[in-house]
Amino acid sequence: MADDSPTDVPPPEPGTPMGWQELLLYVVVGAAYIAIGIFFEILLFSWLTGTLFMLAGVWLVPMLVRRLRS
Amino acid sequence: MSWAAHDMEPYSIQAHMSKRVAIIPLLIGSYSPDFMTKWFVYGVNYGPFTLKAEDPEQFHRGWPGAGFTHALAYGLLIGAIFLLASRGRPWGKVYALSFVIGQWAHCLSDIGDTRGVMLFFPFSTDRVSLGAWQYAGQTGRYTDAGAYFSGLGWVWDGVWVAYGLFNWRVLTRAYFHATIVPADGLWVWAGRYLPEAVLLGIYRASFFYGTTRWIAWLIWAHIRYAYPFDLGWGGPSWVEPLLMSCPCCGYGAGFDTS
């Protein structure tokens, strides 16, 4: 019997920014993180906070915008 | 201690070792020496209570203390636990090797500061140190940030940021699918619950955190505040000399060994 368990993660959702668009998104979110972090240093101390900030910027907000538009 | 090197080194190691390592244990290994101790080195406040090591430097790097986490043998011990826990399954070898390499990278990076690490503990409690930049953990996290980003420490981190950017291909979606996911089944398992963009974000998180934090602290230290640069060996010299606890007289009767 063939093993049909997945060997890769799911493909990107439709409308996910790719290539240069994706890079630009990370750069913008990174610049925002730096700008806010300089004045609210607490943001810079925790890996978890940094990761949640990044995920909000590169995934959550774009996904919500896509859903609102559709 | 380093502020961005421990985030960045695993990606460069990943670029060289490809599927022979897995990024998650590599990163855990890289963070592990400070994982449970850093908060107690800097101290935390809970209302009127402050929890902080009586001698932060001794606690962080010494023995008695948690300095054993910065020894090469500690990496081997945790690696052996991964091997035993895996009971011969293939992921055990990859996880053990990745953890050891990550933890060793952390230890070797921390040799750069003036306090160094007990690299060969438990065989020796002697510190191995290059003394390139001043250890300032005992001054609290803000002064530590100002000191680190004023001496050669930030240059060392900058080398890893630059080398990480040079290896930018490890951050691409294609590399993630072709190399990162096949090396570690945890990604496939997580893919049942999380979308691809989140998994990719988690994979890139430490790179993002290390790079942005390196830039932010540099601006914080020299534009928002005016910590003076001192790129001489062992600088910055303005960090107050570290008073070591004397083994004969006890804590507080210290002597300057810097």
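## A loop serine to start with

B:Ser18 sits in the loop between H1 and helix H2 (23-35) of chain B. Helices here are DSSP runs of H or I with at least four residues, strands are E runs of at least two, and both are numbered from the N terminus. Phi of B:Ser18 is near 50°, a positive value in a residue other than glycine. B:Ser18 is partly exposed, with 13 other C-beta atoms within 10 Å. For that scale, a residue is buried if 20 or more other C-beta atoms lie within 10 Å of its own, exposed if 12 or fewer, and partly exposed in between, with C-beta atoms placed from the backbone.

A word on ground rules: this is a predicted model, so local features need pLDDT of at least 70 and side-chain atom pairs count only at pLDDT 80 or more, while totals for chains, interfaces and linings use all residues. Residues are numbered from 1 along each chain as its sequence is written, and chains are lettered from A and ligands numbered from 1 in the order in which they are written.

You'll find B:Arg87 in the loop between H5 and H6 of chain B, and it is exposed, with 7 other C-beta atoms within 10 Å.

Then there are the cis prolines. The peptide bond from B:Trp63 to B:Pro64 is cis, with omega near 5°, and B:Pro64 falls in the loop between helix H4 (56-61) and helix H5 (72-86) of chain B. The bond from B:Phe121 to B:Pro122 is cis too, again with omega near 5°; B:Pro122 belongs to the loop between helix H6 (90-110) and H7 of chain B.

## Chain B as a whole

Chain B carries 11 helices and 4 strands. With 258 residues, a compact globule would have a radius of gyration near 18 Å, and chain B comes in at 19 Å, which agrees. That radius is taken over C-alpha atoms, and the globule rule is 2.2 Å times the number of residues to the power 0.38. Along the principal axes, the C-alpha atoms of chain B fill a box of roughly 55 × 45 × 40 Å.

Buried residues make up 47% of the 258 residues in chain B. Two residues count as in contact if their C-beta atoms, placed from the backbone, lie within 7 Å. Of the contacts in chain B with a separation of 6 or more, 64% are between residues 24 or more positions apart.

## The core and its helices

A nonpolar core is a set of buried Ala, Val, Leu, Ile, Met, Phe, Trp, Tyr and Cys residues joined through C-beta atoms within 7 Å. The largest one has 74 residues, and B:Val21, B:Ala22, B:Ile101, B:Tyr148 and B:Trp217 touch the most other members. H11(B) gives the most to this core, with 13 residues. Leaving out residues up to four places away in sequence, B:Ala22 touches B:Val94, B:Tyr95, B:Ser98, B:Ala183 and B:Asp184.

B:Tyr148 turns up again in helix H7 (residues 141-148) of chain B, where B:Asp144, B:Ala145, B:Gly146, B:Ala147 and B:Tyr148 are buried. The buried residues of H7(B) pack against helix H8 (152-166) and H11 of chain B. H8(B) has its own buried set, including B:Trp154, B:Trp156 and B:Trp160. Covering the buried residues of H8(B) are, among others, helix H1 (5-17), H7 and H11 of chain B. At 1.5 Å a residue, the 15 residues of H8(B) should span 21 Å, and its end C-alpha atoms are 21 Å apart, which agrees; the expected span is 1.5 Å times one less than the number of residues.

Chain A has 3 helices and 0 strands. The radius of gyration of chain A is 16 Å, well over the 11 Å that the globule rule gives for 70 residues, so chain A is more spread out than a compact globule. Its C-alpha trace spans about 60 × 30 × 20 Å along the principal axes, and buried residues make up 20% of the 70 residues. Chain A averages a pLDDT of 91, with 93% of the residues scoring at least 70; pLDDT is the predictor's confidence in each residue, from 0 to 100.

At the interface, 23 residues of chain B are in contact with 25 residues of chain A. On the chain B side, helix H9 (173-183), helix H10 (185-190) and helix H11 (196-224) are the elements that give two or more residues. H11(B) gives the most, with 16 residues. By class, that side has 15 nonpolar, 4 polar and 4 charged residues, where Ala, Val, Leu, Ile, Met, Phe, Trp, Tyr, Cys and Pro count as nonpolar, Asp, Glu, Lys and Arg as charged, and the others, Gly among them, as polar.
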